[in-house]
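Hi there,

Here is the structure I promised to pass on. Have a look at it first, and then read my notes below.

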Amino acid sequence: QPVEATDDAFWDQFWADTATSVQDVFALVPAAEIRAVREESPSNLATLCYKAVEKLVQGAESGCHTEKERQIVLNCCRLLTRILPYIFEDPDWRGFFWSTVPGAGRGGGDEDDENARPLAESLLLAVADLLFCPDFTVQSHRRSTVDTAEDIHSIDSCEYIWEAGVGFAHSPQPNYLHDLNRTELLKLLLTCFSEAMYLPPSSDSSNTNPWVQFFCSTENRHALPLFTSLLNVVCAYDPVGYGIPYNHLLFSDYREPLVEEAAQVLIVTLDYDSSTSSSPTVDGTTTGTAMDDVDPPGPDNLFVNYLSRIHREEDFQFILKGVARLLSNPLVQTYLPNSAKKIQFHQELLVLFWKLCDFNKKFLFFVLKSSDVLDILVPILYFLNDARADQSRVGLMHIGVFILLLLSGERNFGVRLNKPYSVRVPMDIPVFTGTHADLLIIVFHKIITSGHQRLQPLFDCLLTIVVNVSPYLKSLSMVAANKLLHLLEAFSTTWFLFSAVQNHHLVFFLLEVFNNIIQYQFDGNSNLVYAVIRKRNVFHQLANLPTDSQSIQKGLQRKKKTPEPISRTNSQDGVSMEGSPFSLLNTGIDKLTEKSQVSEDGTVRSLEPESSQPPPEGNPPSAVSDGEPWSGEASHPRRDRRRLSSASSSGQWTPTPDWVMSWKSKLPLQTIMRLLQVLVPQVEKICIDKGLTDESEILKFLQHGTLVGLLPVPHPILIRKYQANSGTAMWFRTYMWGVIYLRNVDPPIWYDTDVKLFEIQRV
């Protein structure tokens with residue numbers, strides 16, 4: 001039966017209970033009942049939501065001075081967290097929170113402006129107020145609580161920031177009750193923002209989340225202190241427990257749930273498509289995001305705006321140290337089992353790090369300025385190696401690779417990789433003595449040769465990263481050099497080259513790596529040169545690749561006989577996210593990157609992809625997508641290009657002699673062929689003269705050898721920089737919500753609701 005809104009006795013029973021937890025509320029209010037009320041007595045559900053919001057607003061107004069008021073606020077908070085997903089899953093209800101409740105003015109008749117606020121806005125503002133409520137979520141600054149309770153509207157919440165760090169020097173006394181209350185309110189906030197999960201993925205990046213948009217606008221007077229509190233709580237967190245082993249077992253850690261919740265709320269509020277962001281300046285021209293106060297105002301989303309304006313070195317240092325500390329936490333090897341706490345929110349941290357680099361270029365340059373970037377690199381390589389064979393962690397693989405692609409677009413990253421790698425992180429990779437560059441190549445080789453098959457779209461990205469850093473690598477170890485040649489061997493077999501339209505790009509990338517190292521870093525790289533000489537037949541086979549139909553067919557047959565060098569492993573556990581997010585990378589690396597050329601003086605200029613002149617010798621074309629011609633692909637008009645790689649009616653693509661010729665003629669083999677022509681006879685002579693079979697003598701000879709004046713003119717260095725686009729923005733949104741969905745299991749906020757953004761697979 002419909003119950004009157006004025007029947008307080010009935011409604012109060014929902015929040016008057018003294019001791020409940022959010023888990024109790026989830027158990028007491030089953031999904032089936034919420035749906036039944038929604039279908040059969042919608043007016044009761046509407047009244048319940050409205051009443052619960054009203055209680056939160058009253059709590060925020062009064063400042064929650066009594067235990068009873070705090071209990072009511074927490075219970076309403078839990079109830080709304082429980083109900084909201086069922087409001088969002090029904091398209092007819094989605095607008096409910098954005099409507100004003102008729103006749104809901106306090107006196108019933110007099111509608112003043114305050115009462116005309118949509119329910120969603122009242123709810124969000126109340127939560128924001130409650131997050132800075134003295135003695136409830138923050139330490140009170142007043143000595144006596146009874147007579148002079150602080151007026152919640154007069155307090156300056158910037159004095160109540162939760163943790164020292166960016167823009168705030170004072171670290172408040174930890175209070176576990178405040179942490180618990182903040183965590184519950186942030187859970188509700190996250191649930192409000194989760195409407196995004198119930199809308200199907202769309203490439204239209206302009207559909208902003210109205211909840212986030214309002215909460216991060218100037219309407220929210222606590223936007224700055226809350227942004228700062230969330231960021232500082234995350235970056236200041238030290239899970240190890242003050243260095244005392246097993247400390248986390250003695251003290252239940254109230255900080256960790258708060259830190260997780262803060263990290264999740266932070267990345268959701270920062271969900272903003274930077275590829276479309278440009279803010280008009282005074283004279284009407286547009287610029288990118290603002291960095292400093294002198295720049296024009298940044299985006300309307302204040303959280304994005306504040307993030308992009310951080311510029312003090314000590315703030316950058318605090319953020320970077322914090323993120324690196326937390327990312328390295330799962331790698332910490334302790335001699336005592338379980339003595340250190342392992343955090344679980346590394347995926348949220350990777351998204352946060354991505355946002356920081358994407359929205360704040362000064363932060364990106366700061367990260368690359370010192371070898372601290374390696375403290376981010378090593379954990380990422382650890383996660384990539386660890387997740388490579390696990391289908392349910394494909395998303396983690398993507399974000400890790402995206403971050404490395406972004407970093408590799410900057411020269412400094414390549415330079416930093418030359419630092420020796422001495423810390424031994426527990427990874428199942430071959431033992432080697434060398435640099436961080438060696439570690440990166442060895443892990444990438446492992447991902448490609450023993451990763452899950454759904455990672456194949458990432459191969460382009462992985463090799464692009466290696467190409468980007470290759471001109472700066474001073475000396476590769478023998479292990480890494482052999483891995484690179486093994487990849488070339490695997491990718492240049494005829495069946496692999498002929499079995500898919502874009503497979504030959506991988507060979508172009510690897511040849512570009514060898515060319516860069518030979519032309520720019522020959523002196524320190526005798527290991528690589530030796531490996532190239534030993535595997536010279538691979539290069540000769542490529543130069544003599546057959547192009548007639550019969551050989552193409554024979555090459556494709558060979559696939560059945562030879563074991564596949566790129567193995568496929570399957571493993572299943574957890575929930576995998578299928579569908580939209582992972583088809584993104586099939587668009588090819590050229591959609592993700594923009595080419596730029598490094599001149600001799602170190603300046604970088606962007607290369608226009610439309611240029612009609614052929615690319616400089618030795619520069620591979622970037623990936624072809626949707627039949628678009630490569631830059632400089634003048635010889636084949638688009639129509640023709642589609643014919644070359646024609647898909648037959650069965651949807652099967654078939655290689656043709658013309659198609660093989662079209663790229664074989666561009667293989668950048670000149671530099672390597674010249675190197676072999678000069679060095680092979682000399683090495684053979686040494687072996688015959690001294691009867692050598694010993695590698696070290698040959699390596700010694702190669703170390704002192706020189707090719708000055710013998711190689712072709714060095715080609716310009718090409719860097720492919722990550723380029724934001726609406727596809728990647730959508731991918732990040734989907735991935736982020738997928739992680740949040742899976743990580744919130746206690747209570748299971750979104751479990752079994754009709755989520756549309758991704759598919760849930762029980763595997």
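Arg 558 sits in helix H26, which covers residues 549-561. Please keep in mind that this is a predicted model. With a relative accessible area of 38%, Arg 558 is partly exposed, because that category lies between the 20% limit for buried and the 50% limit for exposed. Leaving aside residues up to four places away in sequence, Arg 558 touches Thr 494 and Trp 495. Thr 494 is 64 residues from Arg 558 in sequence, yet their C-alpha atoms are 8.1 Å apart in space.

**The protein as a whole**

There are 33 helices and seven strands in the protein. Of its 763 residues, 55% are buried. Among contacts with a separation of 6 or more, 77% are between residues 24 or more positions apart.

**The core**

The largest nonpolar core contains 232 residues, and Phe 97, Phe 193, Leu 404 and Trp 737 have the most contacts inside it. Helix H5 (residues 67-88) supplies the largest share of this core, with twelve residues. As background, nonpolar side chains tend to be buried together in soluble globular proteins. Trp 737 touches a number of residues beyond four places away in sequence, including Leu 190, Phe 193, Met 197, Val 268 and Phe 758.

**A helix pair**

How do H25 and H31 cross? The axes of H25 (residues 536-543) and H31 (residues 670-690) come within 11 Å, at a crossing angle of roughly 140°. H25 is therefore oblique to H31, since roughly antiparallel would need an angle over 145 degrees. The crossing is left-handed. On the H25 side, Arg 536, Phe 539, His 540 and Ala 543 take part, and they meet Ile 672, Met 673, Leu 676, Val 680 and Glu 684 of H31. By type, the residues of this contact are six nonpolar, one polar and two charged.

**Backbone points to check**

Most residues other than glycine have a negative phi, and most peptide bonds are trans.

- Asp 746 to Pro 747 is a cis peptide bond, with omega near 0°; Pro 747 lies in the loop between helix H33 (726-743) and strand S7 (759-762).
- Cys 64 has a positive phi, near 50°. This residue is in the loop between helix H4 (42-62) and H5, and is buried at 0% relative accessibility.
- Asp 135 also has a positive phi, near 70°. The loop between helix H6 (119-130) and helix H7 (176-193) holds Asp 135, which is partly exposed at 29% relative accessibility.

Best wishes

How values were computed:
Residues are numbered from 1 along each chain as its sequence is written. This is a predicted model: local features need pLDDT of at least 70, side-chain atom pairs count only at pLDDT 80 or more; totals for chains, interfaces and linings use all residues. Side-chain values use heavy atoms; hydrogens and water are left out. A nonpolar core is a set of buried Ala, Val, Leu, Ile, Met, Phe, Trp, Tyr and Cys residues joined through side-chain atoms within 4.5 Å. Buried means under 20% relative accessible area, exposed over 50%, partly exposed in between (1.4 Å probe, protein chains only). Helices (H or I, at least four residues) and strands (E, at least two) are DSSP runs, numbered from the N terminus. Contact means heavy atoms within 4.5 Å. Axes are lines fitted to C-alpha atoms, for helices over the stretch in contact, and angles run from 0 to 180 degrees between N-to-C directions. Angles under 35 degrees count as roughly parallel, over 145 as roughly antiparallel, 65 to 115 as roughly perpendicular and the rest as oblique. A crossing is left-handed if the near helix is turned anticlockwise from the far one by less than a right angle, and right-handed if clockwise. Ala, Val, Leu, Ile, Met, Phe, Trp, Tyr, Cys and Pro count as nonpolar, Asp, Glu, Lys and Arg as charged, and the others, Gly among them, as polar.
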